[in-house]
Amino acid sequence: MSHNETTICAVASSLGRGGIGIVRVSGARCIEIAKKMLGHVPKPRYAHYGSFFNQDGVEIDKGVALFFPAPNSFTGEDVLEFQGHGGILVMRSLLESAMALGSIAAEPGEFSKRAFLNGKMDLVQAEAVADIIDASSEQSARSALRSLSGEFSEQVNALTKALIDLRVFVEATIDFSDEEIDFLASGEVKLKVEQIENDIQNILSSAEQGAILREGLTVAIAGKPNAGKSSLLNALTQVPSAIVTDIAGTTRDALKETIHVNGMPLNIIDTAGLHMSKDKVEQEGIKRAHSEIEKADVVLMVFDARDKDPDLSILPSGVIDKPIILIKNKIDLTDESAGITHINKQTQLSLSAKQQKGIELLRQELSDIAGLSDTGEGVLLARKRHIIALEHALEFTQNALTQLNNNASELVAEDLRQAAQYLGSITGEFSSDDLLGEIFSSFCIGK
């Protein structure tokens, strides 16, 4: 059955006990369900207080009912909401009654999916609904709201239209290739392609920052045993998550904590000390440490200030292209001052995790690596699929410039078509059913 032929229902509020709970129904049977469960159809967009009844006419609860007739609703279909007391039994009874009267349980994200399919929002806006719900900081919530309001979509749609218009022009010149005037040789097309390339690059940069704002940076703390890695974790999180002792090898498994720096989630992992060991438990811990370090976005290589230099040979080979910050810890034992130096693209930061000296310098350095400002203004909250699509669109736009220089008009038109296709996949203009299923399956049930 198509979405328009079924009526769905779900609890739209948080599960568990609460002062208010909401059951949402969407579809053609809303009017029929309202007549049975309320005794009448509420006036559209007006709150109605009264009794809620089950399919047998037994009163379940008293609360507020709202009715939004199609197409002026979130999903674009008839929508009915029951706002009652937020007890588990009440919510279950309302849901069971709605299902007994012809609705079916909604799948995760199905309300938002119907809103997308019915043209109430595009794919970026639908994803922004979930991002606002999941936002863990004020900055990420603001960025998600910008996407929900259509700011991201407007930029993408404008570029898609520019690519399509330019492709039509190029194809027209191919059709009139016998004319004496060579429109492609005038340089106008090249200038327009270069402008589109620049605009895509700007959006991509913002999207990459938005992805960091949404997902955060993963930071692995590495080093030899007793270098002060656990103390650094505790200093960054301000929580005694890790056991700190003078005994080497206290940390056997990876410890993970999340904090926020300038609104960015920072996923910090304290790993086991890296060294040669015959202890099977330590060997497993070191193996896991290597795995976490290789997966991290940034590595904090901690070493004792009393050592001359850090021993980078203990790091796994997979970190060679990652940002590595050398953390000279325990400066309280050498009477040094906290500070940071940048030499030949290598960063060294002197600090004392025990005395909390230099920790703010480290927080700021991690924020700088992420490329985020203090406010996050202008950042568009993005997902990995958006970045991949923008990267492909940029690649095909750059290919079009190359083909222009080679006077290959047909290839220019094809590259522009491919670039527009990838941009269109972001907003859902060109999207497969498999992609839609993957996106909306990550939503909560009532959205």
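In strand 2, Arg24 is the bridge partner of Ala10. The model is a predicted one, in which local features need pLDDT of at least 70, side-chain atom pairs count only at pLDDT 80 or more, and totals for chains, interfaces and linings use all residues. Residues are numbered from 1 along each chain as its sequence is written, and side-chain values use heavy atoms, with hydrogens and water left out.

Strand 1 (residues 8–11) and strand 2 (residues 18–26) pair in the antiparallel sense over four bridges. Here helices (H or I, at least four residues) and strands (E, at least two) are DSSP runs numbered from the N terminus, and two strands pair if DSSP finds at least two bridges between them. Both strands belong to an open sheet of six strands with mixed pairing, ordered 3-4-5-2-1-6. Its edge strands, strand 3 (48–53) and strand 6 (104–105), each pair on one side only. Helix 1 (residues 30–38) packs on this sheet, touching strands that include strand 5 (79–86), with whose direction it makes about 35°. Contact means heavy atoms within 4.5 Å; axes are lines fitted to C-alpha atoms, for helices over the stretch in contact, and angles run from 0 to 180 degrees between N-to-C directions.

A further open sheet has seven strands in the order 8-9-7-10-11-13-12, again with mixed pairing. Strand 8 (255–261) and strand 12 (339–343) each have a single partner strand, so one side of each lacks a neighbour in the sheet. The twist averages 25° from one strand to the next. Helix 7 (residues 188–215) packs on the sheet against strand 7 (217–223) and strand 9 (264–270), at about 60° to the direction of strand 9.
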